[in-house]
Amino acid sequence: MTMSGNSFGIYVHWPFCLSKCPYCDFNSHVRHATIDEARFLRAFTTELATTAARAPGRTVSTIFFGGGTPSLMQPATVGAILDAIAGHWTIAPDIEVTLEANPTSVEATRFRGYRAAGVNRVSLGVQALDDVALKELGRMHSTQEALAAVAVARDNFERFSFDLIYARPGQTLAAWAAELKAAIAQAGEHLSLYQLTIEQETPFAALHAAGKLITPDDDSARALYDTTQEVCAAAGLPAYEISNHARPGAECRHNLVYWRGHEYAGVGPGAHGRLDVDGTRYATATEKRPEAWLMRVETNGHGVVTDEALSSEQMADEFLLMGLRLAEGIDPARYTRLAGRPLNPRRIAVLHEEGAVETTPSGRLRVTLSGFPVLDAVVADLAA
Ligand SMILES: C[S@@+](CC[C@H](N)C(=O)[O-])C[C@H]1O[C@@H](n2cnc3c(N)ncnc32)[C@H](O)[C@@H]1O
Ligand code: SF4
């Protein structure tokens with residue numbers, strides 16, 4: 001039993017940034033020499049062909065260019081990757097093609113080109129609408145520049161989203177509520193709102209350990225989270241996932257592919273995929289270092305370094321971990337099919353009593369608003 005559904009997504013990773021933000025542990029690299037984009041394009045094309053040979057006949061419903069900073073790519077490169085995808089698979093008529101962009105003025109000048117290349121949605125890393133905070137986050141743009149990029153996105157794309165990071169050092173509830181309202185006034189149909197996470201081995205982790213960067217304690221973080229939910233829901237942008245808000249129907253369909261446990265291919269350095277081949281689900285991951293990935297693709301036709309057949313237990317755990325992030329929750333019957341056994345009713349009963357989960361009238365199991373801040377513990381409990 002695999003987890004395949006009708007949706008098939010393709011994730012394309014562009015691993016370069018102009019500078020490294022001190023909080024970020026994504027697979028992003030800064031290079032002082034010029035990047036040989038033509039060589040990367042050839043490698044992307046090769047890896048797509050190898051992936052298509054392994055997973056042929058799919059209809060692609062979503063494509064996501066993530067990073068790193070994909071808005072550093074030339075529109076022609078993005079267009080050529082989209083052409084390569086269309087050469088291997090059927091493209092759904094209503095395909096969603098998202099590109100992550102940094103909101104600088106230089107990048108905004110490329111938006112029209114991305115639109116012409118076939119991108120129909122952008123996700124902008126605004127991060128804050130506060131110049132002091134943007135500096136502290138090591139960002140290269142100002143609030144004004146970010147808002148100008150949002151305006152260009154609005155002019156070129158019917159669908160756009162932007163990201164903000166909250167629970168930043170010293171951020172008060174009142175300041176965040178005001179910033180969020182200002183953001184909503186500029187937002188379209190979708191916002192991603194992430195609590196600042198101190199990731200290991202980043203400059204922020206060192207500052208945090210040295211007591212020089214103090215993040216809100218659990219109670220303050222909880223209050224910030226609750227305010228986020230209230231302000232967004234009141235503005236018609238309820239959370240459909242723990243950190244993602246959208247007008248109903250405007251959810252990011254690519255991310256739903258992950259959270260609903262559907263099939264997706266990952267190409268580019270450090271990209272992950274879940275492919276269903278001959279009734280077995282494989283978890284794939286490619287070499288993370290860009291130049292090493294290039295050499296592997298040029299030698300072997302792909303950069304895959306991890307290719308693991310998932311057991312039914314692993315598939316069931318992953319289904320819980322991803323599905324319970326969603327406001328719609330999970331279908332317990334699908335868990336039973338994957339795991340070969342149902343969820344433990346006693347554990348569900350205890351979580352029900354604690355108010356951490358609820359069962360919808362249609363029988364879906366979902367995490368409640370008060371359960372979301374302790375989601376990891378809820379998932380661990382159910383999966384045990
Ligand atoms: C791959 S990154 C962003 C893409 C783009 N390069 C940018 O920075 O605008 C995706 C998003 O993850 C969020 N993010 C990254 N590191 C984070 C952290 N340590 N805590 C919270 N959010 C984080 C940021 O909001 C960021 O926009
Ligand atoms: S947050 Fe974005 S721009 Fe900053 S290093 Fe990470 S991927 Fe690059």
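A residue is called partly exposed here when its relative accessible area falls between the limit for buried, under 20%, and the limit for exposed, over 50%. With that in mind, open the structure, which is a predicted model, and follow its salt bridges, of which a search of the whole structure finds 17.

Begin by selecting glutamate 313 and arginine 341, whose side chains meet in a salt bridge with an N to O distance of 2.7 Å. Glutamate 313 sits in helix α12 and arginine 341 in the loop between α13 and α14 (345-354), so this pair ties together parts that are 28 residues apart in sequence. Glutamate 313 has a relative accessible area of 32% and is therefore partly exposed, and arginine 341, at 31%, counts as partly exposed too.

Next, select glutamate 328 together with arginine 260, where the side chains form a salt bridge of 2.8 Å, N to O. Because glutamate 328 belongs to the loop between α12 (312-323) and α13 (332-339), and arginine 260 to the loop between α10 (253-259) and β9 (263-267), the contact ties together parts 68 residues apart in sequence. Glutamate 328 is partly exposed at 29%, and arginine 260 is partly exposed at 32%.

Arginine 364 lies in the loop between β13 (357-359) and β14 (365-367), 36 residues from glutamate 328, and the pair links distant parts of the chain. The relative accessible area of arginine 364 is 27%, which makes this residue partly exposed.

Finally, select Glu96, Arg159 and Glu189, which are linked in a network of salt bridges.

Conventions
Residues are numbered from 1 along each chain as its sequence is written. Chains are lettered from A and ligands numbered from 1 in the order in which they are written. This is a predicted model: local features need pLDDT of at least 70, side-chain atom pairs count only at pLDDT 80 or more; totals for chains, interfaces and linings use all residues. Side-chain values use heavy atoms; hydrogens and water are left out. A salt bridge is a side-chain nitrogen of Lys or Arg within 4 Å of a carboxyl oxygen of Asp or Glu. Helices (H or I, at least four residues) and strands (E, at least two) are DSSP runs, numbered from the N terminus. Buried means under 20% relative accessible area, exposed over 50%, partly exposed in between (1.4 Å probe, protein chains only).
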